Amino acid sequence: MTEVHTGDMQTPEEPVATGGRPRIPEISSLGLDTLVTEVSERLQSAAAVTDRMQRLLEAVVSVGAGLDPHATLQRIAAGAAELVDAKYAAMGVVNPHGSGLSDFIHIGIDNATAAEIGHLPTGRGILGALIDDPRPLRLTDLSTDPRSVGFPAHHPPMVSFLGVPIRVRGEVFGNLYLTEKKGGGSFTPEDEQVVLALGAAAGVAIENSRLYEQGRRRERWITGAAAVTTSLLSTDEAQVALTVAAEQVRELAGGALGMILLPAGEDRMRVAHASGEQADHLTGELLPEGGFAPRLLAGEALYLDDLATAPETASGAQFDRLARRFGPAMAVPMVSAGRVLGALCVWREAGTVPFSDTERQLSQTFASQAALALRLAEYQRNQQRLAVFQDRDRIARDLHDLVIQRLFATGMMLESAARRAVVPEVQERIGQAVDELDATIQEVRTTIYALQHGDTDDQPDTLRTRVLREGSQAAAALGFRPTVTFTGPVESLVGERTSRQLLAALREMLSNTARHARASRVAVELDATVHLGEDGRPLSPAPTRTGPPGVLLTVTDDGVGIPEGGRRSGLRNLTRRAEALGGDAWHETGPHGKGTRVRWTARL
């Protein structure tokens, strides 16, 4: 049996410490520090990632918090700037109907600085590069990139740049631009990934906002169509209802001018009603031959991106000269049962965006509903006219069969009594009564003729009828009906624009006469056969035909005349109206040195 000593089990790797305890190997302090640092860095990195994810989540929630399109874009830009610590952020919306940008939202530049910079970017330089090639773009220094075109005056300096596209349903809606990393340095790949993630959420938010806006727009168009239908069916005045339609379509389509066009003969249309900019100058104007009218009357809808360059407005006529001051335009026929009843027309301001596909569809629906309402209103008015005609026929028959026969019989009885009368005065009085009966019978027969052949609402509202109407309305203030005479074919020679100003001038003349003249007789004369001189007054002698043709309106009274030093505001108004049409207005003493004669002219 071999004897084993404890000293034989000791090895150099396991020294025994004093006192018999084993010694623990020493750990390098340098290796422990490295391990602690690495663990700390990983914990900080994890905390930073968690913090950034938290901020990304908050930004996503913020982006989808509202449905207003413009506010949504502002939240996207602000959220992106906060996520990557950018000083400036912007959201550029790509123009769907052309090149460049249609909208630009900026964060970090105050309004005063933006005003000093001037117009917003249009999509050139680096911004244009991202539009042409919609892929993420990171730059350390904007100025060193060959695509950079520099900054305009008063623009703040920008060095670092990060741009990513925003897609909606696979199509590029716009681009998100971030510049100037806070604390210096460049944007990192992690920044790019975070912004791309935000961009994906932004695409959903933008799509929701667009759908909401489309829903609201459809609701407004439906409400507008209902208002037009109600107006057409609830009023006897179709003119009022069509004016409402012009206002509604202008507001709904975001236009500067809305018009209702109605047929005016073969292949011609006229602006019957207008609302908005230049409405007074266009109302009553005929559309030039070969322009919009033939295509609209054929049932074709027209959509133009720019009236200033459209071949349809190149004739040089008054209508086209005014049209070239505007931008995008649309004209939609109102068709019912295969018949074109008119057209809706909207012009937008120059430089604005063309009408979208949704707006085109809504406008066509609106026009169809307006045409149906117009047709129903037409049927309703026809029924009302038929009832009026039937009533007139009944009244006319009663007057003829009963009243005239009784008056005639009464006249015969009085004539018989006159022959038997002995006193001459009695015979004379009876004779006068018979004469009055004869005059009454003539008046009744005139009334019967008027009932059977009088003016109706379906007859055209000509200048002649409107002048007579003004005279009838002035009778209440004057105390008597003025006499009215016409010379020449006033209906065919005097245009709608001149007619409106002429009627306004006549209304003012009769009003001034009723208030100041104390007259017992007023005569209105309208002459469309005169020729005017350079001063806008009729040439003398009358047969002279060297000047341009014109129209002369004269109102003569036998009143007290116009006192010296009296107010002349009414006459000044008349003069301004006349001068705008190449004419003049003046007053003079009436015939035989009594009363006043006021004259008003305009070129035809």
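The structure is a predicted model, in which local features need pLDDT of at least 70 and side-chain atom pairs count only at pLDDT 80 or more, whereas totals for chains, interfaces and linings use all residues. Residues are numbered from 1 along each chain as its sequence is written, and side-chain values use heavy atoms, with hydrogens and water left out.

Helices (H or I, at least four residues) and strands (E, at least two) are DSSP runs numbered from the N terminus. Buried residues (under 20% relative accessible area, 1.4 Å probe, protein chains only) in α2 include Thr72, Leu73, Ile76 and Leu83. Asp85, which follows α2, has a positive phi near 55°.

Lys181 lies in strand β5 (residues 171-181) and counts as buried because its relative accessibility is 16%. The side chain of Lys181 reaches the backbone oxygen of Val84 at 3.1 Å. Contacts of Lys181 (heavy atoms within 4.5 Å), not counting residues up to four places away in sequence, include Asp85, Ser160 and Asp191.

In strand β12 (residues 522-531), 8 of the 10 residues are buried. Pairing (at least two DSSP bridges between two strands) joins β12 to β11 (residues 483-487) in the parallel sense over 5 bridges, with Phe486 opposite Leu526. β12 also pairs with β13 (residues 549-557) in the antiparallel sense over 8 bridges; there, Pro549 is the bridge partner of His531.

Notes
Buried means under 20% relative accessible area, exposed over 50%, partly exposed in between (1.4 Å probe, protein chains only). A polar contact is a pair of N or O atoms within 3.5 Å; within protein, one must be able to donate a hydrogen and the other to accept it, and residues adjacent in sequence count only if both atoms are side-chain atoms.
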